[in-house]
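Trainee: Could you walk me through reading a ligand site? I'd like the general idea, then the case at hand.

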Amino acid sequence: MPNNAVGLSRRGLFQQAGVAVTVASTAAQANEADIPPWTLEQGQPVTDVPYGTPSGFEKSVMRRTRETPLFPTAASMLTPLQDLDGIITPNGLHYIRNHAGTPTIDPDRHRLLVHGLVDRPLSFGMDDLMRFPSVSRIHFLECSGNSGQYKTGQYKADATVQHTHGLLSCAEWTGVRLSDVLAEAGLKPGAAWILAEGADAAALTRSIPVAKALDDAILAYSQNGERLRPEQGYPLRLFLPGFEGNANVKWLRRLKVGDQPFQTRWETSKYTSLMPDGVARQFNFTMEVKSVITRPSPGRGLRHPGFCEVTGLAWSGHGRIMRVEVSTDGGGSWQDAALDGPILPKCLTRFRLPWSWTGGPASFQSRATDETGEVQPTRERLLASRGPNYYYHYNAIQTWAMAPGGEVKLAV
Ligand SMILES: Nc1nc2c(c(=O)[nH]1)N[C@H]1C(S)=C(S)[C@@H](COP(=O)(O)O)O[C@H]1N2
Ligand SMILES: [Mo]
């Protein structure tokens, strides 16, 4: 079994990495009598910040677009994974994937209609929904197009992990169990699929299996403790843990229960998987096991040889992460990384490996295994098994190449 807990003292950890760490070496030389200017005057009044924003020195930590979007309303913004710690994505940095812009919705006028194969068609206002018992769960959300450009080799030479993996975020989602709402309406015999429709100009619609709706689906109204951001579906979104981003319908206005899938354009012309035999596989919902090293990574290289913590994120739509192995020699040898707890199902898991850079070239890879035993594939294995027409759900092992100077670039 993997070694999930490091269980070493800091000193032991550094020794294990085989280096002496000199993080505090200049402390003794600093003149402690030098009082910094910000200590000599009053700070900013607290009443100036009714709603806080990050320090002005953190301006470079921001969402970025994949490429210049042809349509600003049908585009995406990527999460800066290289700049974040832990597993939670701050709300202002959650990735955005919109097909027709972010609507401005008055929550007092927003309704959710539940109809179709139900005993009692119902219409809910936000106040009605909030009277149901609430649940809060920490889950990742990933667009199935995340990392898809690897397939086509379209990344620019200076792409970072934000460009390659930034259609990925993780938040604590609070809302109402969809099963509770469906119990109010009463499912009729034969109910098997539910059409979920958004109130945006795309009127995005997806068919969701009733089994998923009754399992762990949430009608979410909050994200990391506050109401959803407009970009994430304010005031209400469908949240389907582990399912591809597209099925998590934002600005949710309608649920129609049926006995078969509704065959919307989002599940026929888009978001299908064209197999080598020419057959398009539909309803390929669950995001497969995947991981990526966020540091070191392109733009986050090293300047001095010595101790370096290799860290990144692993996730699986099938459940918990069991193991993450890290290679610093391009897959020649592997070491188990430590996993930060709690290790939650269908959630990002942070991994860490103490490492010592001797100053030479290195080639970083991470390989995750989930609790179903599924192992993240190599690029070769993935492309071979899927054939030339498959695009979505690219979950292959990622390689970052470090040059002797310490600069890191994406490989492939
Ligand atoms: N109504 C509606 N729901 C939507 C979309 C949309 O454009 N309209 N985009 C989908 C796609 S493709 C993804 S990946 C996720 C993105 O959610 P996020 O913007 O909160 O990250 O929302 C999905 N739900
Ligand atoms: Mo997506």
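This is a predicted model: local features need pLDDT of at least 70, side-chain atom pairs count only at pLDDT 80 or more; totals for chains, interfaces and linings use all residues.

Trainee: Which backbone atom does a nitrogen atom of ligand 1 approach?

Mentor: A polar contact is a pair of N or O atoms within 3.5 Å; within protein, one must be able to donate a hydrogen and the other to accept it, and residues adjacent in sequence count only if both atoms are side-chain atoms. Here a polar backbone atom of Asn248 is 3.1 Å from a nitrogen atom of ligand 1. An oxygen atom of ligand 1 lies 2.9 Å from a backbone N or O atom of His99, and a polar side-chain atom of His94 lies 3.3 Å from an oxygen atom of ligand 1.

Trainee: How much of ligand 1 does the protein cover?

Mentor: Accessible areas come from the Shrake-Rupley method with a 1.4 Å probe; for residues, only the protein chains shown count as cover. On its own ligand 1 has 530 Å², and the protein covers 100% of that.

Trainee: How does the radius of gyration of the protein chain read?

Mentor: It's taken over C-alpha atoms, and the globule rule is 2.2 Å times the number of residues to the power 0.38. With 412 residues, a compact globule would come near 22 Å, so the chain's 23 Å agrees. The C-alpha trace spans about 75 × 65 × 45 Å along its principal axes.

How values were computed: Residues are numbered from 1 along each chain as its sequence is written. Chains are lettered from A and ligands numbered from 1 in the order in which they are written. Side-chain values use heavy atoms; hydrogens and water are left out.
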